[in-house]
Amino acid sequence: MANLLFRVLACALLVPGMVLAQQPSGATGTGAAAAHPDLSGIWSYAIDRAPAALKKDVNGTVTVLKIDQSARYGNTASIRGVLASTAKPSYKPELQSKLKDLFDHESKTDPVFYCGKPGVPRIGPPRKIVQLPNEMIFLYEDISGDPYRVIPTDGRPHRANANPSHYGDSVGRWERDVFVVDARNFVEDTWFGEDGYFHTDALRVTERIWKDGDNLVWQAIVDDPNVLTTPWIMPARLTRPSTEPLEESPKCVETDGNKLLNNDHHLQR
């Protein structure tokens, strides 16, 4: 009788464990990450002011690849989840003259003209995303180097001893099906957008990334209370899946910038 009672109790303890193990991973706390959409993949090139085409010369064979710029100019107003945006940030009145001077002399004042790193959010949405259980890896293509960002998603806070950098210190979290990146601790020698959009070390960038069908939606919010009157919600960008593999960018060597006699802007190149 005692042996039979022991067997009944053992089965009673074992069966609930078996039922729990058979539940979908998204039904438990530890498997919640599996319920989020998979953002992994290669996405269309959508950095600010991308050139109209890429020219390759391989062993005397020249090819010109047109770049799809629709990810930068496409209409995203009707996409679910897109926040209302403005075309330009709002700078404090006393900083308007500085902003205008940087814009007017862009070819001489923009660090990117001289192989400087674009930083965040100017680098735009990632070209490739690798989604792992406890982190996201963002890969980019840029003439100033091929940056990457490793973004933890396990709930850890920002690093207390991180050095200021061009792409900041980032942590990520999920808000339902939207991946949110909080980036801060930037160096001051980048622009967060074209047209002289300077900032201070108080810059904080929030990126929101989610799926719209097979496409990827990216939208950023820029906040720097030292220079802006209100946080700037940037227009969203819709990037399509791409089959173009990432390629190593050539070394950036600027030899013509100091010879410019006029004040050309990016779109005049």
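This is a predicted model: local features need pLDDT of at least 70, side-chain atom pairs count only at pLDDT 80 or more; totals for chains, interfaces and linings use all residues.
Before the details, a word on conventions: local features are given where pLDDT is at least 70, side-chain atom pairs count only at pLDDT 80 or more, and totals for chains, interfaces and linings use all residues. Residues are numbered from 1 along each chain as its sequence is written, and side-chain values use heavy atoms, with hydrogens and water left out.

Let me start with the strands. Helices (DSSP H or I, at least four residues) and strands (DSSP E, at least two residues) are numbered from the N terminus. There is an open sheet of four strands, in the order β1-β4-β5-β6, and its pairing is antiparallel; two strands are taken to pair if DSSP finds at least two bridges between them. Because β1 (41-42) and β6 (148-152) each have a single partner strand, they stand at the edges, and one side of each is left without a neighbour in the sheet. Between the antiparallel strands β5 and β6 there are five bridges, and Met 136 has Ile 151 of β6 as its bridge partner.

Next, the packing. By nonpolar core I mean a set of buried Ala, Val, Leu, Ile, Met, Phe, Trp, Tyr and Cys residues joined through side-chain atoms within 4.5 Å, where buried is under 20% relative accessible area, exposed is over 50%, and partly exposed is in between, with a 1.4 Å probe and protein chains only. The largest such core holds 33 residues, of which Tyr 91, Phe 138, Phe 192 and Phe 198 touch the most other members. Two or more residues come from each of α3 (96-104), β5 (135-139), β8, β9 (204-212) and β10 (215-223), and β10 provides the largest share, four residues. If we take Tyr 91 and set aside residues up to four places away in sequence, its contacts (heavy atoms within 4.5 Å) include Leu 99, Phe 192, Phe 198 and Val 227. Another core, of seven residues, lies apart from this one, and among its members are Ile 79, Val 180, Ala 236 and Leu 238.

Now the charged side chains. I count a salt bridge when a side-chain nitrogen of Lys or Arg is within 4 Å of a carboxyl oxygen of Asp or Glu, and a search of the whole structure finds eleven. One of them joins Glu 141 and Arg 127, with N to O at 2.9 Å; Glu 141 lies in the loop between β5 and β6 and Arg 127 in the loop between α4 and β4, 14 residues apart. Glu 141 counts as buried, at 13% relative accessibility, and so does Arg 127, at 5%. Another is formed by Arg 159 and Asp 169, whose closest N and O atoms are 2.9 Å apart. Arg 159 sits in the loop between β6 and β7 while Asp 169 sits in strand β7, so this pair ties together parts ten residues apart in sequence; here Arg 159 is exposed, with a relative accessible area of 53%, whereas Asp 169 is buried, at 6%. There is also a network of salt bridges linking Asp 110, Arg 122 and Glu 194.

A polar atom of the Asp 142 side chain does, however, lie 2.9 Å from the backbone nitrogen of Ser 144.

Finally, the backbone. Most residues other than glycine have a negative phi, and most peptide bonds are trans. Cys 115 has a positive phi of about 70 degrees and is found in the loop between α4 and β4. Arg 176, in the loop between β7 (169-175) and β8 (178-184), also has a positive phi, near 55 degrees, and is exposed, with a relative accessible area of 75%. The peptide bond from Val 120 to Pro 121 is cis, with omega near 5 degrees, and Pro 121 is found in the loop between α4 (106-109) and β4 (128-131).

Note on methods. A polar contact is a pair of N or O atoms within 3.5 Å; within protein, one must be able to donate a hydrogen and the other to accept it, and residues adjacent in sequence count only if both atoms are side-chain atoms.
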